[in-house]
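Here is a friendly walk through one protein chain, from its overall layout to a few pairs of side chains. Keep the viewer open as you read.

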Amino acid sequence: MGGNRDMTERVILDERGMVSVLGISALGILLLLSAAIYAMGVSHTKTAGRFLSGSALRNAAEDGVRLGLSRMNADTGTATRAEGAASQHTRLLTGASGDAAFDVYARKKDGKILLLSVSRSGEARARAVGVVKKTGGRYVIDHWER
């Protein structure tokens with residue numbers, strides 16, 4: 001009877017060892033899944049940050065075009081400079097919107113004025129181009145170029 005008891009204890013010890021191996025394997029799999037989910041989260045956060053900063057730069061560039069249009073309607077000197085920019089780009093104004101700075105340039109082409117705004121924040125840049133025409137004595141945006 002003593003032999004059976006030793007054998008039973010060995011089987012129980014072997015089963016405990018198998019449970020330990022399965023437990024460690026399960027923890028390893030959970031660790032790998034957690035690391036993968038964390039890496040995807042970090043990647044998603046970086047992508048969202050790049051999208052938001054790019055959108056902010058595009059918005060700043062569009063703000064520059066709208067401000068240039070507003071200045072052209074309010075100041076005849078600015079409008080005259082924009083109308084006379086047939087051979088080269090002429091800088092109309094410089095400003096800032098949020099964290100981004102922008103420069104607005106004008107160029108006359110085919111009877112319409114192109115207002116180009118370039119925004120920058122650090123190394124990143126964005127641009128917006130509005131095609132302006134004169135209607136009823138006022139300048140309006142005819143359409144946006146992409």
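Helices here are DSSP runs of H or I with at least four residues, numbered from the N terminus. By that count, Ile29 sits in helix α1, which covers residues 2-74. Please keep in mind that this is a predicted model.

**Overall layout**

The chain holds 2 helices and 5 strands, and their order from the N terminus is α-α-β-β-β-β-β. Of its 146 residues, 23% are buried. Among contacts between residues at least 6 apart in sequence, 35% link residues at least 24 apart. The chain exposes about 10200 Å², with carbon and sulfur atoms supplying 58% of that area.

**A nonpolar patch**

Back to Ile29: together with Leu27, Leu30 and Leu33, this residue makes a nonpolar surface patch of about 420 Å². Is Ile29 buried or exposed? Ile29 has a relative accessible area of 52%, and because the cut-off for exposed is over 50%, Ile29 counts as exposed.

**Two hairpins**

Now move to the strands. Strand β3 (residues 112-121) and strand β4 (residues 124-135) run antiparallel and are joined by 9 bridges. Ser121 stands opposite Ala124 in β4. The two strands form a hairpin with 2 residues between them, and Gly122 in the turn has a positive phi of about 70 degrees.

Strand β4 also pairs with strand β5 (residues 138-145), again in the antiparallel sense, over 7 bridges. Here Gly130 has Trp144 as its bridge partner in β5, while Lys134 is partnered by Tyr139. This hairpin likewise has 2 residues between its strands, and Gly136 takes a positive phi near 60 degrees.

**The largest nonpolar core**

Which residues touch the most other members of the largest nonpolar core? They are Met72, Ile113, Leu115, Val132 and Tyr139, in a core of 16 residues. At least two core residues come from each of α1, α2 (76-83), β1 (90-97), β2 (100-109), β3 and β4. Helix α1 gives the largest share, with 4 residues.

Leaving aside residues up to four places away in sequence, its contacts include Leu69, Met72, Ile113, Leu115 and Tyr139. Val132 also touches Lys112 and Asp142, among others.

**Salt bridges**

A search of the whole structure finds 6 salt bridges. Three of them are set out below.

| Pair | Closest N to O distance |
|---|---|
| Arg66 and Glu62 | 3.9 Å |
| Lys108 and Glu83 | 2.6 Å |

Elsewhere, salt bridges that share partners join Glu62, Asp63 and Arg66 into one network.

Why are Arg66 and Asp63 about one helical turn apart? They are separated in this way because they are 3 residues apart in helix α1. Arg66 and Glu62 also both lie in α1, 4 residues apart, which is about one turn of the helix. Arg66 counts as partly exposed at 42% relative accessibility, and Asp63 is partly exposed as well, at 32%.

Terms used:
Residues numbered from 1 in each chain as written. Predicted model: local features only at pLDDT ≥ 70, side-chain atom pairs only at ≥ 80, totals over all residues. Heavy atoms only, no water. Buried < 20%, exposed > 50% of the residue type's maximum accessible area, 1.4 Å probe, protein only. Contact = heavy atoms within 4.5 Å. Areas by Shrake-Rupley, 256 points an atom, 1.4 Å probe, with all protein chains shown as cover. Patch = residues over 30% accessible without salt bridge, like charges linked within 9 Å, V, L, I, M, F, W, Y side chains within 5 Å. Salt bridge = Lys/Arg side-chain N within 4 Å of Asp/Glu carboxyl O. Pairing = 2+ DSSP bridges. Core = buried A, V, L, I, M, F, W, Y, C linked by side-chain atoms within 4.5 Å.
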